[in-house]
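Subject: Structure handover

Hello,

Here is the structure for you to open. My notes on what I found follow below it.

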Amino acid sequence: MAAEFLVTLYEYSPLFYIAVVFTCFFVTTGLVLGWFGWDVPVILRNSEETQFSTRAFKKQMRQVKNPFGLEITNSSSASLATGLTLMADCLEDSHLTCYWGCSVQRLYEALQKHTHCFRISTPRALEEALYSDYLHREQYFIKKHSKEELYCQLPSDTDIEDFGPVPRPRYPLVALLTLADEDDREIYDIISMVSVIHIPDKTYKLPCRILYQYLILAQGQFYDLKLFMSANNGPTPSSNPSPADTSAEQSLLEKAGLAGTEVEPVEESSRDCVVCQNGAVNWVLLPCRHACLCDSCVCYFKQCPMCRQFVQESFALCSQKEPDKDVLETS
């Protein structure tokens, strides 16, 4: 039927026949290439177009306040024999519990239990999840906003000079920060923080450092806290280690099983917000873990400005201090 129609049309008017054929060709091409706003058939797309055409649904962002902060103040001189000094800066009264020689397997089993069985909101809960598989335990009371330095050391009667060759079954030190007041656990989404700390010994003399930090949420999740800072300000020449030192340290990390393959380097010297270039970086975005926004800009973004991933939660690195009411009244 179509062929007979085209033949009849050509005999009637060749010019009209050419116009009809050209119009049909133009409309068909437009439908295939999506000129009229209709979707392109999947069979005509390549893999990249199929990947980026998937619609991502927006999620509501939640801002989560982290009440815990932990720092090693003598990382250069700390060792298994001499101990180390920790400084905790918490928004509420908290407990700092140190587990020396904590079992690696038991620790990660405890984190999984937090998501399925019970919540790690107290030191006792973690000890039950660990089945007390550690060598020594120390506990300190941390007052609110107190930056007191605490000296921690493995007792000499344990007769442990190192934790053996790799793969090591135990971490040198695991520090747990939990809220002391039960009522505070109803206020904060983050109820505890687990820090895995490497301490140099006779076998591995790498500097003391925090290897991993896990934020434990009351809802049953936990986040591996690795901050990817924006590289706005390069480090000063004096702070740059030599390539030989960096290579040697990385080699020792790999031998000790401490070098993660998925961890990106953190630019310690980055200070400026990637948006306004003025405020100090203070907010960590989850789940992408980019630390790139200041207090003023964080409320304007539902997507991370670094990777465009939708932000589900965020928390401040440093708490905002409220202005003194007495000063405001007198001024």
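Start with Ser121. Ser121 sits in the loop that joins helix H4 (104-116) to helix H5 (123-130). Helices (H or I, at least four residues) and strands (E, at least two) are DSSP runs, numbered from the N terminus.

This is a predicted model: local features need pLDDT of at least 70, side-chain atom pairs count only at pLDDT 80 or more, and totals for chains, interfaces and linings use all residues. Residues are numbered from 1 along each chain as its sequence is written, and side-chain values use heavy atoms, with hydrogens and water left out.

Ser121 counts as buried because its relative accessibility is 17%. Buried means under 20% relative accessible area, exposed over 50%, and partly exposed in between (1.4 Å probe, protein chains only). Ser121 is in contact with Thr178, Arg185 and Ile191, leaving aside neighbours within four places in sequence. Contact means heavy atoms within 4.5 Å.

Follow that to Thr178. Thr178 belongs to strand E7. Its relative accessible area is 0%, so Thr178 is buried. Residues up to four places away in sequence aside, Thr178 touches Phe68, Ser94, His95, Ser121, Thr122, Pro123, Ile191 and Ser192.

Next, helix H5. Six of the eight residues of H5 are buried, so H5 is largely enclosed by the rest of the structure. Those buried residues are Pro123, Ala125, Leu126, Glu127, Ala129 and Leu130. They pack against E4, H4, strand E5 (136-142) and strand E7 (170-179). Just after H5, Tyr131 has a positive phi of about 55°.

Now the surface. Asp93, Asp181, Glu182, Asp183 and Glu186 form a patch of negative charge there. Patches are made of residues with over 30% relative accessible area and no salt bridge, with like charges joined within 9 Å. A salt bridge is a side-chain nitrogen of Lys or Arg within 4 Å of a carboxyl oxygen of Asp or Glu. Asp93 counts as partly exposed because its relative accessibility is 31%.

Last, the whole chain. There are seven helices and 14 strands. Of the 331 residues, 37% are buried. Among contacts between residues at least 6 apart in sequence, 64% join residues at least 24 apart. The chain exposes about 20100 Å², and carbon and sulfur atoms supply 54% of that. Accessible areas come from the Shrake-Rupley method with a 1.4 Å probe.

Best wishes

Conventions:
Patches are made of residues with over 30% relative accessible area and no salt bridge: like charges are joined within 9 Å, nonpolar side chains (Val, Leu, Ile, Met, Phe, Trp, Tyr) within 5 Å. Lys and Arg count as positive and Asp and Glu as negative; His and the chain ends are not counted. The place of a charge is taken as NZ of Lys, CZ of Arg, CG of Asp or CD of Glu.
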